[in-house]
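Morning, everyone. I have one structure to go through today, and I will take it in two parts. Please have a look at it first.

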There are 2 protein chains.
Amino acid sequence: MSAVLPQWKIAVVGSGAVGCFYGGKLAALGQEVHFLMRSDLEHVLRRGLKLESAKERTVHLQGVRAHATTQEIGPCDLVLIALKATDRDALETLLPPLIGEGTALLTLQNGLGADEFLAERFGAERVMGGLCFVCLNRTAPGVVKHIAQGRIGLGEFSGLPLPRTHDVALLFKHAGVPCEVVGSLARERWRKLVWNVPFNGLSIAAGGVDTEAILADESLTYLARALMREVIGIARALGHELPSSLVDDQIRLTRGMGAYRPSSLIDFQEGRPVEVEAIWGEVVRRGFNAGAEVGRSEALYRLIRAACTRRGG
Amino acid sequence: MSAVLPQWKIAVVGSGAVGCFYGGKLAALGQEVHFLMRSDLEHVLRRGLKLESAKERTVHLQGVRAHATTQEIGPCDLVLIALKATDRDALETLLPPLIGEGTALLTLQNGLGADEFLAERFGAERVMGGLCFVCLNRTAPGVVKHIAQGRIGLGEFSGLPLPRTHDVALLFKHAGVPCEVVGSLARERWRKLVWNVPFNGLSIAAGGVDTEAILADESLTYLARALMREVIGIARALGHELPSSLVDDQIRLTRGMGAYRPSSLIDFQEGRPVEVEAIWGEVVRRGFNAGAEVGRSEALYRLIRAACTRRGG
């Protein structure tokens, strides 16, 4: 790895757990990182940003560049987009002030549709995607707790990796984030959905249970495995080959997480919008159109929608 | 219809809502009906049996023949079996005292497997099945409330209808119960499952909702329809042709029921065993073995099992 890293101007749009964690890691490395913040703005300006971890020392960042608008930030080299998929439309007005000639847009959003959305509006060549395999919870204003994992799978929307893909990966690696350049961003998205569809889904549909409770129940574990196989089948029907061994691998990984509340469950329980369409809706629609079997995912999709309606919102 | 009905000795095994309702109708007709009772025995011996109805006059039966054991009842011409499918094993000891030379066993049990169970143990030629399309609730000891419908589809386990099938149908008709002899008992069972799988299932899996709440929610209605189509597909794969128009018909019928709590939901909410295996388990297993698509039913099956485990029991 190169001894001297380039100094980049980076914006983080959507400073929830994911944005604060990865942006915070890059800021701790000495990069110029600007955070667009809403509710936590005052708190972070005064008290900084804390990244807690079970395994590593707590990182306490002071003098954080937090902003209320993207106009204040101006054009950047790289924009990390960590807004919820349900807030996607806000990007149409939030992003333009951040975009200069060579600005790369790296979306860390869950589910499907984020890449296409950005490509249509800001040009496909700008768009990169990062799949975060990480367990994080925002525990208080300006405080993110890292629970497990952290790896990013990084790819280009337009196709094969570019030199900049490797540059960004190197940046994350220097910041202590395992980051792997992937040959196919789309396949990587589906690989993540193999986890998100069952675990985020069952955590809501089974009445508010964490990953440990899912894996402690024989029927839910059985259904989680069946859902994983179904999502792998849908991905294959769409041309994204994923190995069947992923099912066992993900079960094993998930056992290692302990009693983890998936982000969708936290959203659901705290009354925030759940990324229903970007995760289950798109999986079912794309799978159906490709002629794949989608029954289990569809049942989950409709039950989650109904649960969100009953909760309100 | 014949002016003089034969006088039959009839036993009702399993005197819940279904057993009390149909047995009570036959008793009101003047037939010799013996009820095997557990919790309601003393009450019914003293105060009789009440059949309430929104549309008809309340029938109050006094001097009801209620018994604690089947030994007390002795051999009968006809045995109505209305025990829960989850209590099926009890029939091995309950039935023998009721069985004489020509005794017919008519099971009114939900789901799949009851006919085969009786045929194996007591001879296939004895076994008749009745599919009750009826909304009933037991509202108090010895009190059954009739909410809607009431039709019985009556068939022979061994094949085509026999003279006795028509005799039993006639008996019910005289008692004011619409009763139709069906060419195929198995097909009739699947026709009923087209309703039970979605509505009994979603009432539990969606967190305790009645039929009106299911049909008031767009996602649950969508899923109910998809489940009906799936069950029709499973039935067809098993050789039981059912018309696709059943989906619309059942939705329309269900709208007419108002805020009906399916029996499985009542069982679930009152802490009684739910007929999970006889309904969803068997549908999924038989469908899977026949190569049919079972995904939606399987998701529901696993979620209901998990809900029952969480509730306890």
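We start with a pair of helices: H7(A) and H9(A) make a right-handed crossing. Keep in mind throughout that this is a predicted model. H7(A) covers residues 185–205 of chain A, and H9(A) covers residues 218–237 of that chain. Their axes cross at roughly 150° and come within 9 Å. An angle over 145 degrees counts as roughly antiparallel, so H7(A) and H9(A), at roughly 150°, go in that group.

Which residues of H7(A) meet H9(A)? They are Trp190(A), Leu193(A), Val194(A), Val197(A), Pro198(A), Phe199(A) and Leu202(A). Facing them from H9(A) are Leu220(A), Leu223(A), Ala224(A), Leu227(A), Met228(A), Val231(A), Ile232(A), Ile234(A) and Ala235(A). Sorted by class, this contact of H7(A) with H9(A) has 16 nonpolar residues, no polar ones and no charged ones.

H7(A) has another partner, helix H12(A), which spans residues 276–289. Here the axes are 10 Å apart, and the packing angle is about 110°. That angle makes H7(A) and H12(A) roughly perpendicular. The crossing of H7(A) with H12(A) is left-handed.

On the H7(A) side, the contact with H12(A) uses Trp190(A), Leu193(A), Asn196(A), Val197(A), Asn200(A) and Gly201(A). H12(A) brings Ile279(A), Trp280(A) and Val283(A). By class, the H7(A) contact with H12(A) comes to 6 nonpolar and 3 polar residues, with no charged ones.

Now the second part, the two chains. How is chain B superposed on chain A? A rotation of 180° does it, with 0.0 Å of shift along the axis and an RMSD of 0.0 Å. This is the relation of a two-fold axis. Within chain B, Gly295(B) has the C-alpha nearest that axis, at 2.2 Å. Both copies use the same surface, since 100% of the contact residues of chain B recur in chain A.

How many residues does each chain put into the contact? Chain B gives 24 and chain A gives 24. The size of an interface is often given as the accessible area lost when the parts come together. For chain B and chain A, about 2100 Å² is buried between them, with 57% of it on carbon and sulfur atoms. Of the area that chain B buries against chain A, 26% comes from Ser219(B), Arg302(B) and Leu303(B), more than from any other three residues.

That is all I have.

Notes. Residues numbered from 1 in each chain as written. Chains lettered and ligands numbered in written order. Predicted model: local features only at pLDDT ≥ 70, side-chain atom pairs only at ≥ 80, totals over all residues. Heavy atoms only, no water. Axes fitted to C-alpha atoms, helices over the stretch in contact; angles between N-to-C directions. Helix = DSSP H or I, 4+ residues; strand = E, 2+ residues; numbered from the N terminus. Parallel < 35°, antiparallel > 145°, perpendicular 65-115°, else oblique. Left-handed = near helix turned anticlockwise from the far one by under 90°. Contact = heavy atoms within 4.5 Å. Nonpolar A, V, L, I, M, F, W, Y, C, P; charged D, E, K, R; others polar. Least-squares fit on C-alpha atoms with pLDDT ≥ 70 in both. Buried area = accessible area lost by both parts, 1.4 Å probe.
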